[in-house]
Amino acid sequence: MSDVLGSILSSMEKPPSVNNERKKLLQKQKKIIEKQQAAQKAKLNSFREKIEKMINEFIQDPLKQNHKFSPMEKVYRNIVHDVADIAGLCAYAFGEEEIDRYVMIFKKENAPSEDELNAYRNGEEWDPVKAKEVALQKEKDKLEEIENNKKRKLEVEPTSNYAVKYEKLLGRDAGIAAARIATPNKQFGFVPSEQKKDSRSIEQTLADIQAKKKLKQNNKAVDSANETS
């Protein structure tokens, strides 16, 4: 009886071990992930083909200068940037991440100005006509400011030339003549070079020196005589 029971038990399959169950579960999860990745890759490839077609049509259309894509996730925006770069276009992203971030492409011959980019960054629509009017107004305001500065400068300066006014009253020659006559002297602590020049001859100079010397000696003799008396 025991031999029959043993034979039956040995013929039955053994229950799977814990390790085998885990391996099967991991393999199943791996297949699911690989399937998802393949689906995502196919989706991205399909999206890239769609963008390539749209950009090619944009390049071929001479009336279009730029194109705005709908808001999309970063992975899709990267594809748009990549395709645009390969096609030789300018691409910029605007809007807030995870909210309304979108990509806008431009043909290089119609690359946006910094003012246009700032308008898009501020969430505004770009109006080239309005922008031109604003630029002209700024230039006008600048010119008016320059003119106002000139006027303020003129208001600070004297309204009449007093030199010309008094020249008419007194005469220009009178002032010049007075300046020539009014030569400085020792009273003012300055003697002009013309007054310092000695116009005497050598003989006269020597005679004057001898006279002064003789006068000095006579003065000494008188002083000595007065002292002895």
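How many bridges join strand 1 to strand 3? Three bridges join these two strands, which run antiparallel, in a model that is predicted.

**Figure 1. Overview of the protein chain, with nine helices and three strands.** Read from the N terminus, the elements follow the order α-α-β-α-β-β-α-α-α-α-α-α. Of the 229 residues in this predicted chain, 13% are buried, and the accessible surface comes to about 20,100 Å², with 54% of that surface belonging to carbon and sulfur atoms. Among contacts with a separation of 6 or more, 49% are made by residues 24 or more positions apart.

**Figure 2. The open sheet of three strands, in the order 1-3-2.** The pairing is antiparallel. Strand 1 (66-68) and strand 2 (90-94) each have a single partner strand and stand at the edges, so one side of each is left without a neighbour in the sheet. From one strand to the next, the twist averages 20 degrees. His67 has Ile105 of strand 3 as its bridge partner. Helix 3 packs on the sheet, where it touches strand 2 and strand 3, and its direction makes about 10 degrees with that of strand 3. Strands of a sheet pair through backbone hydrogen bonds, in either a parallel or an antiparallel manner.

**Figure 3. The largest nonpolar core, made up of 15 residues.** The members that touch the most other members are Phe47, Ile51, Ile55, Phe69, Val80 and Ile105. Two or more residues of this core come from each of helix 2 (18-60), helix 3 (74-86) and strand 3 (102-106). When residues up to four places away in sequence are not counted, Ile51 touches Phe69, Val80 and Val83.

**Figure 4. A second, separate core of seven residues.** Its members include Phe94, Phe106, Leu117 and Tyr120. Two of these residues, Leu117 and Tyr120, are among the buried residues of helix 4, the element shown in the next view.

**Figure 5. Helix 4 (residues 114-121) and its buried face.** Glu116, Leu117, Ala119 and Tyr120 are buried in this helix. Seen down the axis of helix 4, these buried residues fall within an arc of 155 degrees, so they line one face of the helix. An α-helix has 3.6 residues a turn, so residues three or four places apart point the same way. The cover over the buried residues of helix 4 includes strand 1, strand 2 and strand 3. After helix 4 comes Gly123, which has a positive phi, near 75 degrees.

Notes
Residues numbered from 1 in each chain as written. Predicted model: local features only at pLDDT ≥ 70, side-chain atom pairs only at ≥ 80, totals over all residues. Heavy atoms only, no water. Helix = DSSP H or I, 4+ residues; strand = E, 2+ residues; numbered from the N terminus. Buried < 20%, exposed > 50% of the residue type's maximum accessible area, 1.4 Å probe, protein only. Contact = heavy atoms within 4.5 Å. Areas by Shrake-Rupley, 256 points an atom, 1.4 Å probe, with all protein chains shown as cover. Core = buried A, V, L, I, M, F, W, Y, C linked by side-chain atoms within 4.5 Å. Pairing = 2+ DSSP bridges. Axes fitted to C-alpha atoms, helices over the stretch in contact; angles between N-to-C directions. Arc of directions from axis to C-beta.
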